[in-house]
Amino acid sequence: MNWSVARTAASLVVGRDLDPPALVSAQPPGRLERVAGLLLDGAHNPQKLTALRSSLAAGGVRSAAVLATLLSAPPAKLDAALLALLPLAAHLIVPEFTVVGSLGKVSVPAGELAERARGLGFASVEVRPGLDDALGALRARPEPVRLVTGSLYLVGQVRALLVG
């Protein structure tokens, strides 16, 4: 929805104040982006994960293998984010993942997030020791839709691994 608002605003200004930017018709990276057979979407809170699930359902996707992590947040927000993902995730892969740099962001430890997911009703959950390993496990899944989500930082790092 944010992208639609930005695109509409840019469209209104085009021709008046600016030359037509390529941005008006482009899809932002990491937002319902298909790369190397995977779907990347940086949805990272309950509202965005719910919107992602709704967008996928509108396109006929009701089930996917999901590689996800979440940044540290209060327990109620973590649970709400996982519950938004639950109806979509046929299988959940949680990588050991740390945001790099001095961003001050910390991911929920993989084991803790996996246990929280199991406690909320995820039937199939696995923890992988690193991002490369988790990505390999996702690519090996039989589900026709394989999704990376839960963190823009995670999606950015996966995207870099996929496109160089």
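A36 is found in the loop between β1 and β2, where strands are DSSP runs of E with at least two residues and helices are runs of H or I with at least four, both numbered from the N terminus. The structure is a predicted model, in which local features need pLDDT of at least 70, side-chain atom pairs count only at pLDDT 80 or more, and totals for chains, interfaces and linings use all residues. Residues are numbered from 1 along each chain as its sequence is written, and side-chain values use heavy atoms, with hydrogens and water left out.

The phi angle of A36 is near 50°, which is a positive value in a residue other than glycine. With a relative accessibility of 46%, A36 counts as partly exposed, a class that lies between buried (under 20% relative accessible area) and exposed (over 50%), as computed with a 1.4 Å probe on protein chains only. L32, in the loop between α1 (2-13) and β1 (33-35), likewise has a positive phi near 50° without being a glycine. The relative accessible area of L32 is 38%, and this residue is also partly exposed.

## The chain as a whole

The chain contains 6 helices and 6 strands, and, read from the N terminus, its elements follow the order α-β-β-α-β-α-β-α-β-α-β-α. Of the 164 residues in the chain, 40% are buried. Among the contacts in the chain (heavy atoms within 4.5 Å) that have a separation of 6 or more, 74% are between residues 24 or more positions apart.

Strand β3, which covers residues 64-68, is mostly covered, with 5 of its 5 residues buried. From this strand A64, V66 and A68 point one way, whereas A65 and L67 point the other way, and all of them are buried.

Two strands are said to pair if DSSP finds at least two bridges between them. β3 is joined to strand β4 (residues 89-95) by 4 bridges, and these two strands run parallel; within this pairing, A64 stands opposite A89 of β4. Together with helix α3, β3 and β4 form a right-handed β-α-β unit, the hand being called right if, with the strands pointing away from the viewer, the path from the first strand over the helix to the second runs clockwise. β3 also pairs with strand β6 (residues 146-149), again in the parallel sense and over 4 bridges, and here A68 is placed opposite T149 of β6.

Rolling a probe the size of a water molecule over the atoms shows where empty space is left. The structure holds 1 cavity of 30 Å³ or more, a cavity being a set of points on a 1 Å grid over the protein atoms alone where a 1.4 Å probe fits but cannot get out. The largest cavity holds about 30 Å³ of space, a volume being the space filled by probe spheres set on the points, which are joined across faces, edges and corners.

The lining of this largest cavity (residues with an atom within 4 Å of a point) is made by L49, A68, T69, L70, A81, L82, L85 and G150. Helix α3 (residues 75-85) gives the largest share of that lining, 3 residues. By class, the lining has 6 nonpolar, 2 polar and no charged residues, where Ala, Val, Leu, Ile, Met, Phe, Trp, Tyr, Cys and Pro count as nonpolar, Asp, Glu, Lys and Arg as charged, and the others, Gly among them, as polar.

## Residues apart in sequence

Q47 lies in helix α2 (residues 46-58) and is exposed, with a relative accessible area of 59%. Q47 and A84 are 37 residues apart in sequence, while their C-alpha atoms are 7.9 Å apart in space.

L120 belongs to the loop between α4 (110-119) and β5 (125-128) and, at 25% relative accessibility, counts as partly exposed. From C-alpha to C-alpha, L120 and A80 are 9.8 Å apart in space, although 40 residues separate them in sequence.

How values were computed. On a 1 Å grid over the protein atoms alone, a cavity is a set of points where a 1.4 Å probe fits but cannot get out, and a pocket is an open set with protein on both sides within 12 Å along at least five of seven lines; lining residues have an atom within 4 Å of a point.
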